[in-house]
Amino acid sequence: MIRFVAALAVVGLVAAAPAAAQAQARKPAAAAYKAPRGPDGKHPDLNGVWQVMNSAGWDIEPHAARAALQLRPGPFVPVPAKAVVALGAVGAVPAGLGIVEGGEIPYTADARKARDENRANYLDRDPEVKCYLPGVPRANYMHLPFQIFQSEKSMIIAYEYAGAVRNILFTDPGPSPVDSWMGQSVAKWDGDTLVITVTGMNDRTWFDRAGNHHSDQMTVVERWTPTGPGVVRYEATITDPDTFTRPWKMSFNLYKRLGDDARLNQFKCVEFVEELMYGDLRKEPLK
């Protein structure tokens, strides 16, 4: 008898499941987050100092922690290259889940080989080491913050690293007359999402400290969407047929800094690398 009653209960639950699912489907969807309006009264307010909380600046693909940014073969496993071994744990790479959707960048065979060569020669090749401008999208997930200045009709993004600046244009001036480190950024609003198309970048910037690179044919389409108080979801679609077999996408969260430290400090690092770049030109080079 007990088994019979239990069986009836199970049958009742099974029969009720579709009805419950239908009832749930009929419930209105939760309202999407509505960000505070900006100076124009129409679009989200993106003003403020923003920063990531991930390790994409070291490597945008998923990666385990490793001993150094530049390695050499060791007796059993790779060990830090001679030029960085003295940095110890300070020069190590923290683990990261990556920001590349699907996990792996779809390089062509030649481009992947070039990436591996970049990684093996990190100190000599990474433009960040020499304080060159970071380019887009790299500037948005470096370890230093950036600030968005949004007015009724204009917007600029100022980065703490190297004093880099992007002027966000809302009227398309046509193709960029010359390639540059930060490219040309042309924006429009798609509802509450700011969409920025970046073109006219040179081929000298990297995506990270792991040698991931691109050509001067790259186009980046960014999407900046407020998803909660003090949170913006950043997405970037990368198209570069000279380097990748197909377009690919990265995504991560940006967080708004609050309090007295919600400001940019100065990190104009050109003067910090003068010895690295020009020290050999001294009459008597330092030893």
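Predicted model: local features only at pLDDT ≥ 70, side-chain atom pairs only at ≥ 80, totals over all residues.

Trainee: What makes Asn202 buried rather than exposed?

Mentor: Its relative accessible area is 12%. Buried means under 20%. So Asn202 counts as buried.

Trainee: How do you know that the side chain of Asn202 makes a polar contact with the backbone nitrogen of Arg204?

Mentor: A polar atom of the Asn202 side chain lies 3.0 Å from that nitrogen. The cut-off is 3.5 Å.

Trainee: What does the charged end of Arg204 sit over?

Mentor: The ring of Tyr132, at 5.2 Å from its centre. The distance limit is 6 Å. Another arginine, Arg209, lies over the face of Trp58, with 4.9 Å to the ring centre.

Trainee: Where is Asp208, and why is it called buried?

Mentor: Asp208 is in the loop between strand S8 (193-199) and S9. Its relative accessible area is 0%, and the limit for buried is under 20%, so the label holds.

Trainee: Which residues does Asp208 touch, not counting those up to four places away in sequence?

Mentor: Ala56, Gly57, Trp58, Asp59, Ile60, Asp126 and Arg138. Take Gly57: its C-alpha atom is 5.1 Å from that of Asp208, although the two are 151 residues apart along the chain.

Trainee: What joins the side chains of Asp208 and Asn212?

Mentor: A polar contact of 2.7 Å. The limit is 3.5 Å, so this value is within it.

Trainee: How many cavities of 30 Å³ or more are there, and what lines the largest cavity?

Mentor: The count is one. The volume of the largest cavity is about 50 Å³. Its lining is Gly57, Trp58, Glu128, Arg138, Met142, His143 and Arg209.

Trainee: What makes that space a cavity and not a pocket?

Mentor: A probe of 1.4 Å fits there but cannot get out, whereas a pocket is open.

Trainee: On to the aromatics. How many aromatic pairs are there?

Mentor: Twelve. Take Phe146 and Tyr159 as one example: the ring centres are 5.2 Å apart and the planes are at 45 degrees.

Trainee: Why is the pair of Phe146 and Trp224 called edge-to-face?

Mentor: The centres are 6.1 Å apart, within 6.5 Å, so the rings pair. The planes are at 85 degrees, over 60, so the pair is edge-to-face. This pair links distant parts of the chain: Phe146 is in strand S4 and Trp224 in strand S9 (residues 219-228), 78 residues apart.

Trainee: How do you know that Phe146 and Trp224 are buried?

Mentor: Phe146 has a relative accessible area of 0%. Trp224 has 2%. Buried means under 20%, so both qualify. Phe146 and Trp224 also belong to one aromatic cluster with Tyr141, Tyr159, Tyr234 and Phe252.

Trainee: What makes the backbone at Cys131 and Ala162 stand out?

Mentor: Most residues other than glycine have a negative phi. Phi of Cys131 is near 65 degrees. Ala162 has a phi of about 60 degrees. Both values are positive, and neither residue is a glycine. Cys131 is in the loop between H3 and S4, and Ala162 in the loop between S5 and strand S6 (165-169).

Trainee: Which residues does a cis peptide bond join?

Mentor: Val136 and Pro137, with omega about 15 degrees. Pro137 is in the loop between helix H3 (122-125) and S4. Most peptide bonds are trans.

Key:
Residues numbered from 1 in each chain as written. Heavy atoms only, no water. Phe/Tyr/Trp six-rings, centres within 6.5 Å; stacked < 30°, edge-to-face > 60°. Helix = DSSP H or I, 4+ residues; strand = E, 2+ residues; numbered from the N terminus. Buried < 20%, exposed > 50% of the residue type's maximum accessible area, 1.4 Å probe, protein only. Lys NZ or Arg CZ within 6 Å of the ring centre and 35° of its normal. Contact = heavy atoms within 4.5 Å. Polar contact = N/O pair within 3.5 Å; in protein donor to acceptor, adjacent residues only side chain to side chain. 1 Å grid on protein atoms, 1.4 Å probe; cavity = no way out; pocket = protein on both sides within 12 Å on 5 of 7 lines; lining within 4 Å. Points joined across faces, edges and corners; volume = space filled by probe spheres on them.
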